[in-house]
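Please read these notes with the structure open beside you, and look up each residue as it comes up.

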Amino acid sequence: MPDVFPSDSVGLVTPETITIEEPIALDCGRVLPSYTLVYETYGTLNPTRSNAILICHALSGDHHAAGYHDTGETKPGWWESAIGPGKPIDTERFFVVCCNNLGGCKGSIGPTAVNPATGKPYGPDFPIVTVKDWVRSQAQLANRLGIDTWAAVIGGSLGGMQALQWAIDYPERIRHAVAIAAAPRLSAQNIAFNEVARQAILSDPDFHQGHYYEYGVIPRRGLMIARMLGHITYLSDEGMRAKFGRELREGKLNFNFESEFQVESYLRHQGYSFVDRFDANTYLLMTKALDYFDPAADYDNDLSMAFRRAKAHFLVISFTSDWRFSPARSQEIVRALLAARRQVSYARITAEHGHDAFLLPIPHYRDTFSAYLERVDREVNDHAG
Amino acid sequence: MRADLDIISRWVQPGARVLDLGCGDGELLAFLRDHRQISGYGVEIDEAKIISCIRAGVNVIHSDLEAGLADFGDNTFDYVIMTQTLQAVLHTERLLEEMLRVGREGIVTFPNFGHWRCRMQIAWAGHMPVVKVLPHAWYNTPNVHLFTIQDFEALCQHKGIRIWQRAVVDNAHRANLGMRLAPNLLGELALYRLGHEQNGIQAGHSDVFPTH
């Protein structure tokens, strides 16, 4: 429990909430008359408002990307490894914004929020949102914060997909897009994993068609299994072998179905701790946003055509042991960017940590990331000068 | 500044699109960007060098040249450049084909194994040559295909590749009369601008030497 925060942390942060009293038309055809977003900011916006960076979160992420909410908090924000003084996303240079996306469960409007029409939580009636909807709402947030153009939009996994969508949908408002461990769209295998996760939740007797709040229960087993399944896809075979091997918790086989292997214990722990901090309806929505993401679909299924609109410079990063969104998927993005003659750099980082590598301080990754953002910073100073 | 940058830079038309294979820390691309206003990308496999490129503001794509250039479309670049890399790849012939598929012209530089010092070291001293432009011992060299100016030109002829321009220089990238008269014996480094007949950007003379 840090009473004094590490010097390379943004330290104590307080989330802010904004209600945007302007309707947003969603891809599904429905309209939210107004919506609340919770967000955090780190660093200082410069006088020319040219040093702002938007961080986009992934499946189970939220607005708390860095720092601590109180001195008793043991775990900092989810991307503490990348955001802070002297870190790749250097808060001494940049003004960093991260919001909880529409449909989230950490304070932005979503299934747990009260539907003004019924006075009850939206639950399963909350519309299915897409990456494009998120980007649209993030643009509104940028307007409210007085940010015309992001110096960069950055994200890993589903967050990287938002960065790509930003570059396509708002070419004038983003100078750099950084997509880490992302994919241009999900494969059948990716969707299959999401479907199993959804079925685990939907078939939990405590799910009550998504109205579980009214019954005072949560679909604990379903959400837990969904999270356990997800975690397997975040790690790599070699990473799991290195971390757990076949190690037994009690050093012997007990011939029962308790958690005997360390890896079982790890997955159960991840599952248990998740159900208390995440909403099952939100989980369903987030997996759908992943499944639906396909920026090429609006451009005759030609991704390079989609990117031809973009004006941003791109950095694409993948990790060798990531099989959820493998280097081959990042290469599809790169190929389309090359075909569209966009400015792009691509780095494939050797790492054994699987998809989760994007959250870890791996030296080559960190250095690549830092080198790119130093360049973004130089441009910010050129603009400001 | 690397002296070969100067020769290559004079071969490259201003504003061209350039792909640099095995671009290292991006020095050539940064030089061409600053002096010839080119745009383009480097291709590199070494993670540390990729970081240097990114720091220098040079676009770089992490890729293995041995796997070909499948990321790049036909005729998408004016020049595909490969400086002192051709001798270090396994699939020399295929890479040469790939260069001229992706680019309208290729610029290739390589150490000349036919230089008299190399010949002497094998013929009289009886060991594999170790010279300034080929500084490694046989057991730790990154080079896998050593060849001479004569070999290279024979390959080009065999493959129907036109040589638009050639420069043969010493390790400090200077040329003299001797190198002009007996390039394969006296030249340490060879630089070529290549293409297919129908794709040429400009038909130069096949024996243009740098003048200093």
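1. Helices (H or I, at least four residues) and strands (E, at least two) are DSSP runs, numbered from the N terminus.

2. Please keep in mind that this is a predicted model, in which local features need pLDDT of at least 70 and side-chain atom pairs count only at pLDDT 80 or more, while totals for chains, interfaces and linings use all residues. Residues are numbered from 1 along each chain as its sequence is written, chains are lettered from A and ligands numbered from 1 in the order in which they are written, and side-chain values use heavy atoms, with hydrogens and water left out.

3. The largest pocket has a volume of about 1200 Å³. On a 1 Å grid over the protein atoms alone, a cavity is a set of points where a 1.4 Å probe fits but cannot get out, and a pocket is an open set with protein on both sides within 12 Å along at least five of seven lines; lining residues have an atom within 4 Å of a point. Grid points are joined across faces, edges and corners, and a volume is the space filled by probe spheres set on the points.

4. Which residues lie nearest the centre of the largest pocket? Among its 41 lining residues they are A:Lys75, A:Trp78, A:Arg227, A:Arg277 and A:Leu359. Helix α6(A) gives the most to this lining, with four residues, and α4, α5 and α6 of chain A each supply at least two.

5. The largest cavity holds about 50 Å³ of space, and its lining includes A:Leu59, A:Phe193, A:Tyr283 and A:Arg324.

6. In chain A, residue A:Ile154 is in contact (heavy atoms within 4.5 Å) with residues including A:Trp79, A:Ile89, A:Ile180 and A:Phe369, leaving aside its neighbours within four places in sequence.
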